[in-house]
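Please keep the sequence and the structure in view while reading.

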Amino acid sequence: MIKTRAIVLHRFPYSDSSWIVKALTEETGTVSFIVKGGKRKDSPFRGALDPLALCEIVYRENPNTELQFLKEASVINWHAHLREDLLALAKAQVMAEIVLRYAPAGVPLEGEFALLEEALATLDEPDIKLPAGNSPESKLPEAGVAADIKPPANKSGVFARWLLDISELWGYHLDMRSCSRCDHQIEGVPADFHPETGAFVCKSCLGVETPRARPETLAGFEALRTGRAIAHPEYVENALLAYLRSHIGFMREINSLKFLNETRKLYDRSR
């Protein structure tokens with residue numbers, strides 16, 4: 001019997017009352033389960049197996065079948081705040097689909113689990129409304145009154161940071177500090193970026209050439225490197241997706257990217 005934490009990556013109907021659930025487990029990597037009766041209102045698994053939920057599961061591993069039978073499942077974190085933020089939800093779905101499609105199969109994935117768990121937890125942190133004129137940095141909580149209140153999480157770079165870290169974990173190192181041509185350290189914003197190779201170029205080496213990358217992309221990489229908020233995260237996210245695609249192929253389209261792009265358009269119109 002195996003007892004482990006799991007993050008639900010995807011599920012789809014198996015019958016009128018059952019689910020097929022694909023999850024990233026902390027100990028055994030990606031596992032597919034058949035959950036009989038999972039759709040019923042009185043199902044003991046209700047809520048625990050919703051996509052993106054962090055749960056604790058118990059199952060008996062059968063090496064002779066692809067689909068495992070779930071014995072127990074309980075919710076640890078349903079990520080309620082994340083589900084209320086459409087853009088955060090869209091990014092979380094892309095992360096889950098990339099892991100589902102491209103993480104190594106049949107092996108433990110402790111690193112992938114830790115990265116996804118941390119990213120989802122940060123996206124799930126509620127935004128704290130501060131009084132006008134105040135900022136998290138400018139006013140510390142009064143001792144004994146609000147010492148346990150944290151400032152709003154910097155969510156702008158969560159998806160980009162996750163893409164950078166997952167690339168590193170899968171062996172596709174991206175050196176944001178050095179110029180690919182002269183090997184000198186890049187000061188400030190890089191002058192160019194080539195997503196097919198992951199090469200950054202400094203201003204001296206670029207010279208009079210026209211950069212291929214947009215200014216927003218280059219500024220985003222500098223913000224990501226220094227840990228600051230990214231003004232236009234969609235540009236650096238797209239650049240990192242292109243970099244990852246060039247290395248692992250993305251033979252099959254990431255379906256959730258369409259939802260993310262549509263959600264970005266909605267947010268752009270609302271600004």
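Q: Which residue in β2 is the bridge partner of Ile7?
A: This is a predicted model, in which local features need pLDDT of at least 70 and side-chain atom pairs count only at pLDDT 80 or more, while totals for chains, interfaces and linings use all residues. Residues are numbered from 1 along each chain as its sequence is written, and side-chain values use heavy atoms, with hydrogens and water left out. Strand β1 (residues 2-13) and strand β2 (residues 19-25) pair in the antiparallel sense over seven bridges, where strands (E, at least two residues) and helices (H or I, at least four) are DSSP runs numbered from the N terminus and pairing requires at least two DSSP bridges between two strands. Within β2, the bridge partner of Ile7 is Leu24.

Q: In what order do the strands of the closed barrel run?
A: The protein has eight helices and seven strands, and five strands form a closed barrel with mixed pairing. Neighbouring strands of this sheet are turned by 50° against each other on average, direction ignored. The order in the barrel is β1-β2-β3-β5-β4.

Q: Which strands does helix α3 lie across?
A: Helix α2 (residues 86-102) lies across β1 and β2 and runs at about 105° to β1, with axes taken as lines fitted to C-alpha atoms, for helices over the stretch in contact, and angles running from 0 to 180 degrees between N-to-C directions. Helix α3 (residues 110-124) runs at about 70° to β1. The strands that α3 lies across are β1, β2, β4 (54-60) and β5 (67-77).

Q: How are α2 and α3 oriented to each other, roughly parallel or roughly antiparallel?
A: Ala88, Ala92 and Met95 in α2 meet Leu116, Ala119, Leu120 and Leu123 in α3, contact being heavy atoms within 4.5 Å. The axes of the two helices come within 10 Å and cross at roughly 175°. Since angles under 35 degrees count as roughly parallel, over 145 as roughly antiparallel, 65 to 115 as roughly perpendicular and the rest as oblique, α2 and α3 are therefore roughly antiparallel.

Q: How many aromatic pairs does the count come to?
A: Rings of Phe, Tyr and Trp (its six-membered ring) pair if their centres lie within 6.5 Å, with planes under 30 degrees apart counted as stacked, over 60 as edge-to-face and the rest as tilted. By this rule the count comes to four.

Q: Which residues form one aromatic cluster?
A: Phe193 and Phe200 form a tilted pair, 4.6 Å centre to centre with 35° between the planes, and both are buried, that is, under 20% relative accessible area, where exposed is over 50% and partly exposed lies in between (1.4 Å probe, protein chains only). The rings of Phe200 and Phe221 have centres 4.9 Å apart and planes at 85°, so this pair is edge-to-face. The latter pair links distant parts of the chain, with Phe200 in strand β7 (residues 199-201) and Phe221 in helix α6 (residues 215-226), 21 residues apart. The cluster is formed by Phe193, Phe200 and Phe221.

Q: What is the relative accessible area of His194?
A: His194 lies in strand β6 (residues 192-194). Leaving aside its neighbours within four places in sequence, His194 is in contact with Arg181, Ala199 and Arg212. His194 is buried, and its relative accessible area is 14%.
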